Amino acid sequence: MGKSLCCFLLCFLVLFSFCSARQQNECSISRLNAQRPSNRIQSEAGVTEVFDHKNDQFQCAGVAVVRYIIEPTGLLLPSYVNAPQLMYIVQGRGLQGVLVTGCPETFQSFQESQEGQKQGREQQGQQGQEQQGQQEQQEQQQGREQQGQQQGREQQGQQGQQGQQFRGDQHQKIEEVREGDVFAVPTGFGHYIYNNGNRRLTVVSVVDISNQANQLDFQPRRFYLAGNPQNEFQQQQQQQEQQQQGQQEEGREQQGREGQQRQQQQGEGNNIFSGFDAERLAEAFNVDVEIIRKLQGQNDRRGNIIKVHGGLQAVLPPRRQQEQQQDDPLYAQGNGYEETICSMKFRQNIGDPRRADVYTPRGGHRSSVTSYDLPVLRRLVQLSAHKGHLYQDAVLLPFYTGNANSIIYVIRGSARIQVVKEQGETVANEEIQEGQVIVVPQNFAALIKARDSGFEYVAFKTHENARINTLAGNLSLIRALPVQVIASAYQTSDNQARQLKHNRQESTIGAPGSASRSQYRASA
């Protein structure tokens, strides 16, 4: 009995370690370099720029990074992804919707629909009075019933025209987004973005493909619901498919013939509907086949960002109401009850300096969003972010993230970054500029110094409550040590140990120069 139990526990531990290893990524990094997009896809109303997720540092962090540049009146087509993603609005403003199956269409144009229903009841009442008043002669009654039916059809047609004129609609929640907003999209949730501003809308998206919610491989997969777009990660996928095809020579010709037949039957297209048989989809939607062919995106060459002619007409609450909800702490933190998925909040602004978590007058400021601010990050996304702004020559004091990888995207300006791994090996010492991305792996220490133009960045973290530890400043590990421990460990005098411990009074962002030094100075 004891032996069998030991064998069972051993097998369980082996299986558990194997399952856990599926979420671990190879991080044999000897050098980190700031990355620029490796693939650029032009669409009708914008550009999609993709960073190579096969790069060693992105593989280590287990993420994929995409940047969307959407022109005014441009629409990023609805899609869903096999992993959670966190999006940041770099510039511009727009509308973003999250599509959740089973949730009600809570945004409705009530006034139009209620007027239509009232008119319909009045017309039905008039028809009923006419029918009741003419029951004496059967032939006359039948004739008048036919006239009533014709009138009813005409009236219904008029109601339909009136409904089109009022553009009554109902749909799931749409939110206005602006520069500095972080937007969370859980795994498998549909989403789309529309630029309703007068300048370009730039959005950076980080997809956490190593998240446990992704039960496929470590390949980012975007499933478009409309159009005939080129997939952002198509080049890498094609390389993998070519390798697999090279290993599986048998049956390729037969599969090719079958694939051609399916394409002829189902039409060409790259959205999720294009692979189904048109006749069966028509039955599923209860519409004509011609409509289904448009649904499948046949002969659509506009790409994944299309132009909405005449602008997007959608039901939206007043902007002031949305801003009041955003500022309401109960709305941000919940009302004490468990939020349902349908009413869950997906957005938080971290770009407003007035909401900064850290502020240094001559150094800069930083704002964060975690699962405490946005509960969806804890439940469905398991990511977080912070936005930082360093003034000229300011320093982001040496730090490391104890429980997450950091994906740093440069919004504006430039800075010198140094990254150090275990045993003091420097893996990065270079200047990073606007539009570049660099990864700082978990527990790797980093130090950033802004250039003359300052430095704005957003850091995505692969944990919903990233734990940032500083190595210098008034909240650092050095500050927590006794003076004698510092003196003994670093072979310094007590006075020098006090300087190490107290000379930097800021906690996270250091002002330039030596103005922040305290009274603990080396004696002359």
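Is C342 buried, exposed or partly exposed? C342 counts as partly exposed, because its relative accessible area is 40%, and that falls between the cut-offs of 20% and 50%. Keep in mind that this is a predicted model. Here's a quick tour of its disulfides, its nonpolar cores, a hairpin and a helix.

**Disulfides**

- Searching the whole structure turns up two disulfides. Counting the bonded cysteines along the chain, the pattern is 1-2, 3-4.
- C27 pairs up with C60, and their sulfur atoms sit 2.0 Å apart. The link between C27 and C60 is right-handed, with 100° about the S-S bond.
- That pair ties together distant parts of the chain, 33 residues apart: C27 is in the loop between α1 (2-21) and β1 (39-43), while C60 belongs to helix α2 (residues 56-61).
- The two ends of this link have their own accessibility values. C27 has 35% relative accessibility, so it counts as partly exposed; C60 has 2%, so it counts as buried.
- C103 and C342 make a disulfide too, with their sulfur atoms 2.0 Å apart. The link of C103 and C342 is left-handed, at -85° about the S-S bond.
- Here as well, distant parts of the chain are joined, 239 residues apart: C103 comes from the loop between β6 (93-99) and β7 (107-108), and C342 from the loop between α10 (329-333) and β15 (347-349).
- C103 counts as buried because its relative accessibility is 14%, whereas C342 is the partly exposed end at 40%.

**Nonpolar cores**

- The largest nonpolar core is made of 63 residues, and V65, L86, Y88, I407 and F460 have the most contacts inside it.
- Strand β3 (residues 63-70) supplies the largest share of this core, namely six residues.
- Another core lies apart from that one; it has 26 residues, including I29, A34, F399 and F444.
- Back in the largest core, Y88 is one of the residues with the most contacts. Leaving out residues up to four places away in sequence, Y88 touches G180, D181, V182, T202, V203, V204, I350, K387, I411, V458 and F460.

- Strands β20 (residues 406-420) and β21 (residues 426-433) run antiparallel and pair over seven bridges.
- Across this pairing, Q418 stands opposite N429 in β21.
- Five residues lie between the two strands of the hairpin, and Q423 has a positive phi near 65°.

**Helix α7**

- Which residues of helix α7 (residues 278-285) are buried? They are A278, L281 and A282.
- Seen down the axis of α7, those buried residues fall within an arc of 105°, so they line one face of the helix. The general rule behind this is that an α-helix has 3.6 residues a turn, so residues three or four places apart point the same way.
- The buried residues of α7 pack against α8 (289-295).
- Turned away from the buried side of α7 is a face with the exposed residues E279, R280, E283 and A284.
- At the start of α7, D277 brings a side-chain oxygen to within 3.1 Å of the backbone nitrogen of E279.
- Just after α7 comes N286, with a positive phi of about 60°.

Terms used: Residues are numbered from 1 along each chain as its sequence is written. This is a predicted model: local features need pLDDT of at least 70, side-chain atom pairs count only at pLDDT 80 or more; totals for chains, interfaces and linings use all residues. Side-chain values use heavy atoms; hydrogens and water are left out. A nonpolar core is a set of buried Ala, Val, Leu, Ile, Met, Phe, Trp, Tyr and Cys residues joined through side-chain atoms within 4.5 Å. Buried means under 20% relative accessible area, exposed over 50%, partly exposed in between (1.4 Å probe, protein chains only). Helices (H or I, at least four residues) and strands (E, at least two) are DSSP runs, numbered from the N terminus. Contact means heavy atoms within 4.5 Å. Two strands pair if DSSP finds at least two bridges between them. A disulfide is a pair of cysteine sulfur atoms within 2.5 Å. The arc is that of the directions from the helix axis to the C-beta atoms. A polar contact is a pair of N or O atoms within 3.5 Å; within protein, one must be able to donate a hydrogen and the other to accept it, and residues adjacent in sequence count only if both atoms are side-chain atoms.
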